[in-house]
Every structure is written in C-alpha cells, then in structure tokens.
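Open the structure in your viewer and keep the selection tool at hand. This tour goes stop by stop.

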Amino acid sequence: MKTYVMTDIHGRFDLLIKALEMIGTEHCSIIFLGDYIDRGPDSYKVVQRLKDGGLIGQMWTCLKGNHEDMAVAAGGPGAHAADHWIANGGGATVDSYYSEHGDDVQMASAALQVDAAWMNALPTMCQDEHRVYVHAQASGAEHVRLWGRWDSAPDALWRGKHVVHGHTPCDQPTTCQNRTNLDVGAFFTGRLAVGVFDDTLPGGPVEVRYVTA
C-alpha cells in the first residue's frame, strides 16, 4: 500500500482539494504534517475538510504544526500569544472564520474555539514500519517537534527510521540520507508537493507529485 504525505497547506483549500482529487479513491494512508491554517485565504475550509476525514479505505492522520500551536495559545490568557499569532498569519485565519459565518463575531468565535480544541488534540508525531512523520524536527520534546529546525540538529535517523517533515520551505522537496522535507511554500508559490511512499520500502518517497493553483 502507499502512503501520501503533504504539509504546510496554510489556508490553500484549492490546493488541498486538488491533491485529494489526484489521490482519488485509492486505498491508502494520507498523512498531513501540520500548518493547515494562517496566511492563505481559506483556513476555515481546510480545517473542516480535514475534520471530515477520508473516503472508505483511506486512513487519514493529521499532525499538529506550529501554526496550530500558535492558534491554540492565542485562546489562552494574556494578549501576547494572540498578538504573536495574528502577526504570523493568524489574521487571515480569523478573517476566514468571519467570512464563513456572515461576519457574525459570536458564531465565528465559537467555531474557532471548537476547531482550536481539535487542533490542540492533534498528535505531534506518528510512525510506521520504515518512517516517522513530524511537522518540524524529530525529537522527544513537543516544542521541538513543532518548531525545531534541522540546521540546528544532526541529520540523523529517528530510532532507525527515515524522517518526513515540513516547516522549512524549499524550492523543491529535499531528500537527504536520513530525512525528507516536503514543504515547498504552498501559500506563496501556489504549488503543493505530495510525497508518495511505498509502505514496503524504507527511505524517502518513490515519487513526488505536485498540484498547482
């Protein structure tokens, strides 16, 4: 069976839908590596689609990214966390929730609280026989899984498994000896990379497919 992996959608509902149409009705696993919201125009639609889950025969796994982490923190005490989120693309997410609820502040806020609870409950890492999947950097510490950068860590296997991640945008997906980065900056490039992994084979993707705006 195959595992399809995509990351850093950042409110690009158009690209998410094209990626799912490309996968079609195939029986497979689909793993989303986080950063579903912020920056792009349709964070609300992206979250609702991910919450709906996959078709029969498809196993979906949604991981938490650092932008989900910021959104959750913004609902906590103190203004600093909310300001930090808004300054890093959260304003676009708030706008999307307002527009989807007819600019009704109460309804939009309630919907965002419900979805923030969903985001908060997401796992930060998952793994299969050959690979470990994480938003940022494979680590035992949750903050590093969400926010870490590989330029500050050795390019090493995670407990003998190849690491698949996003978080750091590159011109094209990058596969090193021990890890694969699938983040191609979908928000500003209008292009989303989908890594295709053979569940029977170790290492990086056997194919990378692209969808474009």
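A residue counts as buried under 20% relative accessible area, as exposed over 50%, and as partly exposed in between. Lys45 has 33%, so Lys45 is partly exposed. Keep in mind that the model is predicted.

**Stop 1: salt bridges.** How many salt bridges does a search of the whole structure find? The search finds five. Visit three of them.

Lys45 belongs to helix α2 and Glu100 to helix α4, so the pair ties together parts that are 55 residues apart in sequence. Glu100 is partly exposed, at 36%.

Next, select Asp115 and Lys51. Their salt bridge has its closest N and O atoms 2.6 Å apart. It links distant parts of the chain, as Asp115 is in helix α5 and Lys51 in helix α2, 64 residues apart. Is Asp115 buried or exposed? With a relative accessible area of 2%, Asp115 is buried. Lys51 is partly exposed, at 34%.

Now select Glu142 and Lys64. Here the closest N and O atoms of the salt bridge are 3.9 Å apart. Glu142 lies in helix α6 and Lys64 in the loop between β3 and α3, so this pair ties together parts 78 residues apart in sequence. Lys64 is buried, at 3%. Glu142 is partly exposed, at 43%.

Stop 2: Go back to α2. Its buried residues include Tyr44, Val47 and Leu50. What do the buried residues of α2 pack against? Look for α1 (13-23), β2, β3 (58-62), α4 (80-100) and α5 (105-120).

Move to helix α3, residues 66-74. Among its buried residues are His67, Met70 and Ala74. The buried residues of α3 pack against α4, α5 and α6.

**Stop 3: Arg179.** Select Arg179 in strand β8 (residues 179-181). Arg179 is buried, with a relative accessible area of 15%. Its side chain makes a polar contact with the side chain of His165, at 3.0 Å. Arg179 also touches other residues, including Trp150, Asp155 and Thr174.

**Stop 4: positive phi.** Most residues other than glycine have a negative phi. Select Asp35, in the loop between β2 (28-32) and α2 (43-52). Its phi is positive, near 60°. Asp35 is buried, at 1%. Finish at Arg159, in the loop between α6 (142-147) and β6 (162-165). Its phi is positive too, near 50°. Arg159 is exposed, at 69%.

Definitions and conventions:
Residues numbered from 1 in each chain as written. Predicted model: local features only at pLDDT ≥ 70, side-chain atom pairs only at ≥ 80, totals over all residues. Heavy atoms only, no water. Helix = DSSP H or I, 4+ residues; strand = E, 2+ residues; numbered from the N terminus. Buried < 20%, exposed > 50% of the residue type's maximum accessible area, 1.4 Å probe, protein only. Contact = heavy atoms within 4.5 Å. Polar contact = N/O pair within 3.5 Å; in protein donor to acceptor, adjacent residues only side chain to side chain. Salt bridge = Lys/Arg side-chain N within 4 Å of Asp/Glu carboxyl O. Lists of a residue's contacts leave out its neighbours within four places in sequence.
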